[in-house]
Amino acid sequence: MRKIRTKIQILATLMVAFTVTLTVAPVFVWALRDSDARIEKSLTVRRGVFDELMRARAQQMQQTVRLASQDPAFAAAVGNADLDALPALLAERGEAATGDLALLLDLDGKVLAASEPLDPPRLTLPGIVSRAGELGLSRSPLTANGQTFEMVTVPVRAPLPVGWLAVGYVIDEELAQTIQSLTGLYTTVYRTDGSADAILGSTLDAETLGPLMQGLRSGRFVDNDILKLDLPNSHLMAVQRNFLPQSSAVTIMLKESVRDIAAPYRQLRLHAVAVAALAAMLALLGAAFLARRIGEPMYELVSAARRIREGDYSTPVTVTSEDELAELAVSFNAMQEGIADREERITYQAQYDELTGLPNRFLGLERLAAAIDSAAQTNESVSVLMIDLNSLTDIGSSLGQEIGDALLGQAAERLRASLDSRFVLARLEVDAFLAVLPGVDHSGAVVYAEELRRLLSAGLAVRDLNVSLDASVGISCFPDHGDNEEKLLLRATVAKNDAKDAQTNIGVYEDGREDLHVRHVAILGDLARAVREDELKVFMQPKVNLADGRICGAEALVRWDHPTLGFLPPNEFIPLAEQSGNISIISRWALTAAIRECRLWQEDGLELNVSVNLSGRDLQNTDLPCAVSELLRDHDLDARKLVLEITEQALVRDIDDARRVLECLRDLGAKIAIDDFGTGYSSLVQIKNLPVDEVKIDRAFVTDLPGNRADVAIVRAAIELAHSLGLDVLAEGVESRATMRWLAAHGCERAQGFLIARPMPAEQFPDWLAEYNEQLEARVESGHAEVDHGFAAGAGRRLRTAG
């Protein structure tokens with residue numbers, strides 16, 4: 001549980017850090033912004049003070065120099081060009097004007113005299129004279145004798161202008177100190193010569209002054225011409241002003257220290273940090289306490305979960321607190337008890353059948369495997385019985401699921417009571433049981449199987465009903481038929497299926513029968529692929545009109561060209577498809593193929609109908625009429641060209657549902673025919689209530705006509721009864737001329753069979769029909785007005801031989 005404690009502490013730390021940041025950060029940001037604002041405001045105010053001081057200073061210097069130039073003696077010396085006396089007079093005028101250098105210039109700017117020698121010597125100063133001439137006086141910079149002077153120039157009059165007096169005031173550190181004393185700001189005055197800057201005077205120390213000039217060009221303006229300088233040892237905010245009007249040669253920079261202004265805020269920041277640190281410490285201590293408080297009960301819960309995972313449901317969780325974790329512990333204990341109960345039920349349900357209480361397939365096979373292992377050590381036999389209740393599904397459908405379940409429960413109880421306690425009885429599927437008989441060989445197993453069938457057929461009483469159940473039993477034995485449970489079960493199932501097909505009720509596995517079962521499984525597994533990949537083929541068997549010998553249609557029959565098993569006849573895969581419930585996909589494919597072929601016949605001028613067989617499952621599909629209608633519409637085929645054939649067996653399943661589906665198909669215009677008539681369980685009473693157009697008499701009653709007197713009586717009666725109901729009759733299985741003549745003589749409308757033609761690929765049918773019609777027309781043209789009902793047989797046989 002250290003992880004959850006650590007997570008709680010980390011979460012608390014992050015929350016505290018987030019909260020402290022949200023609290024302290026605004027204080028820091030406000031302090032920084034307020035200090036910057038104060039500095040900007042201070043610089044703005046002091047900049048104005050500086051501008052006023054410089055304006056007053058300039059006026060005072062100009063007035064002083066103007067008074068000095070108006071001295072009569074000086075003006076007379078200038079007017080007389082007394083060069084010897086001028087230096088002394090200039091020095092005197094300079095002192096009178098409180099200047100540091102005095103120059104006398106003629107009207108063109110030529111230096112006539114100086115209060116001290118100039119270094120380097122200067123002959124003319126045209127710039128000073130030019131500016132003074134424009135304004136009547138000027139203030140200009142002058143670099144001489146290693147110093148920079150502020151030169152104030154005024155005219156000398158006697159009374160007209162005879163020259164110019166220029167008095168210079170040195171720009172140095174003393175001036176910077178004076179300005180700082182007046183403005184309260186650090187002051188630096190520097191001169192710009194091209195790209196280089198020279199310090200003329202500054203109140204900053206040398207350690208700060210050097211980086212200042214280097215960072216001057218990289219500084220940034222924040223607002224109102226205020227420059228921010230971030231130096232290595234200090235942070236300054238400054239304003240720059242031109243020292244002289246209309247000249248950027250000399251610049252004065254006034255600076256305020258950010259650190260000095262921000263000093264009052266430093267204590268506030270420290271106080272905020274101290275409060276935040278204290279809050280964080282208290283929060284962390286609280287988090288540690290909370291993590292421990294939560295962690296210990298959580299550890300108990302985790303330990304309990306591990307015990308449950310290992311299958312221990314007996315140890316309850318104990319938590320001493322009285323908070324939500326205690327409630328969670330109570331719920332956890334209840335959950336633990338619930339899991340134990342559910343696991344017990346799940347284990348039972350995973351191994352036993354809920355309806356019968358018998359072991360299910362999983363447990364039954366497990367016990368069969370155990371019986372095999374035990375028998376292998378003692379050299380004994382083990383018999384396996386697969387018991388299938390044949391009629392249980394139909395009984396449940398007709399009497400209701402509740403009665404069906406009650407019958408199944410009674411059947412299971414009777415089977416269990418009849419078997420020795422050392423035997424195993426399990427329910428495998430809906431109506432299939434497994435009996436494992438250790439120490440019993442196959443002959444003894446047959447005796448047990450007969451007794452089980454007798455008990456089930458004796459009748460079971462459910463709600464005043466006495467129901468007898470029929471069972472099919474398949475038997476396999478260890479070691480004769482297999483050495484593992486899967487193989488023995490499979491072979492018992494094969495034996496059961498063989499017994500059911502042969503109607504012997506009890507069957508013992510015979511070697512080689514498994515191969516047929518595997519073949520059937522493979523066929524069922526490949527059926528969907530066969531439809532999808534067009535492995536199915538449609539064959540056509542012609543139908544002849546006995547009145548005129550002409551072909552009136554053909555029955556579409558499905559064949560399967562299997563890629564590995566070869567050409568499969570319909571009697572091999574159609575019953576399997578019926579049993580597995582996959583017959584509908586074959587029926588849909590056959591309908592599509594037959595309607596497509598019939599449409600091709602129409603395009604070739606052949607007005608024939610086509611017959612398609614439907615299964616009993618198809619008649620339970622209420623969507624079948626819509627599907628047929630859609631196919632007819634897609635192929636633009638008249639529904640009257642389609643004949644749908646159904647067997648009597650298909651009608652027995654649910655005649656009411658079948659009637660509704662057939663009525664819808666009949667409403668579309670399709671014709672309905674009863675196939676294999678006479679072999680099922682229906683009667684003409686049932687048929688008369690169905691929308692039927694034709695009956696097809698099964699080949700079993702037709703093949704031996706007219707030699708078999710019983711068949712003659714049956715077929716004659718069937719034809720007469722069908723005609724009395726307004727139905728046409730078609731005889732299938734016609735294989736002789738005598739049969740065909742007899743059928744025509746007794747009113748049968750149509751015939752079908754090998755005598756006329758065997759089923760042929762659909763693509764060959766048009767050629768066969770063309771040759772058949774050609775021979776028929778030749779016979780008519782030769783003068784045979786009456787139809788010889790042996791002709792069709794002969795023509796069909798000749799065509800088959802030619803083909």
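What follows is a working chat about a predicted model of one protein chain.

Trainee: Before we look around, what should I know about the model and its numbering?
Mentor: Residues are numbered from 1 along each chain as its sequence is written, and side-chain values use heavy atoms, with hydrogens and water left out. The model is predicted, so local features need pLDDT of at least 70 and side-chain atom pairs count only at pLDDT 80 or more, whereas totals for chains, interfaces and linings use all residues.

Trainee: How many helices and strands does the chain have?
Mentor: The chain comes to 25 helices and 28 strands, where helices (H or I, at least four residues) and strands (E, at least two) are DSSP runs numbered from the N terminus.

Trainee: And how much of the chain is buried?
Mentor: Of its 803 residues, 45% count as buried; buried means under 20% relative accessible area, exposed means over 50%, and partly exposed lies in between, with a 1.4 Å probe and protein chains only. The accessible surface of the chain is about 40600 Å², and carbon and sulfur atoms hold 52% of that surface; such areas come from the Shrake-Rupley method with a 1.4 Å probe, and for residues only the protein chains shown count as cover.

Trainee: What share of the contacts joins residues 24 or more positions apart?
Mentor: Among contacts with a separation of 6 or more, such pairs account for 62%, a contact being heavy atoms within 4.5 Å.

Trainee: Let's take a sheet. In what order do the strands run in the one with β1 to β5?
Mentor: The order is β2-β1-β5-β4-β3, in an open sheet of five strands with antiparallel pairing. The edge strands, each pairing on one side only, are β2 (111-114) and β3 (138-144), and the twist from one strand to the next averages 30 degrees. Two strands pair if DSSP finds at least two bridges between them.

Trainee: How many bridges join β4 and β5?
Mentor: Nine bridges link β4 (residues 147-157) with β5 (residues 161-170) in the antiparallel sense, and Phe 149 stands opposite Val 170 in β5.

Trainee: Which strands does α2 lie across?
Mentor: Helix α2 (residues 72-80) lies across β1 (101-105), β4 and β5, at about 85 degrees to β4. Helix α3 (residues 86-96) lies across β1, β2 and β5, at about 130 degrees to β1. For these angles, axes are lines fitted to C-alpha atoms, for helices over the stretch in contact, and angles run from 0 to 180 degrees between N-to-C directions.

Trainee: Is Gly 146 buried or exposed?
Mentor: Gly 146, in the loop between β3 and β4, is exposed, with a relative accessible area of 76%. Its C-alpha atom is separated by 9.8 Å from that of Leu 118, 28 residues apart along the chain.

Trainee: Changing topic, what is the pairing in the sheet with β17?
Mentor: The pairing is mixed in that open sheet, whose five strands come in the order β13-β14-β12-β17-β18. Its edge strands are β13 (424-427) and β18 (506-508), each pairing on one side only, and neighbouring strands are turned by 20 degrees against each other on average, direction ignored. Strands β17 and β18 run parallel, joined by three bridges, and Gly 474 stands opposite Gly 507 in β18.

Trainee: Which helix runs at about 160 degrees to β17?
Mentor: That is α12 (residues 442-457), which lies across β12 (382-389), β14 (432-438), β17 and β18.
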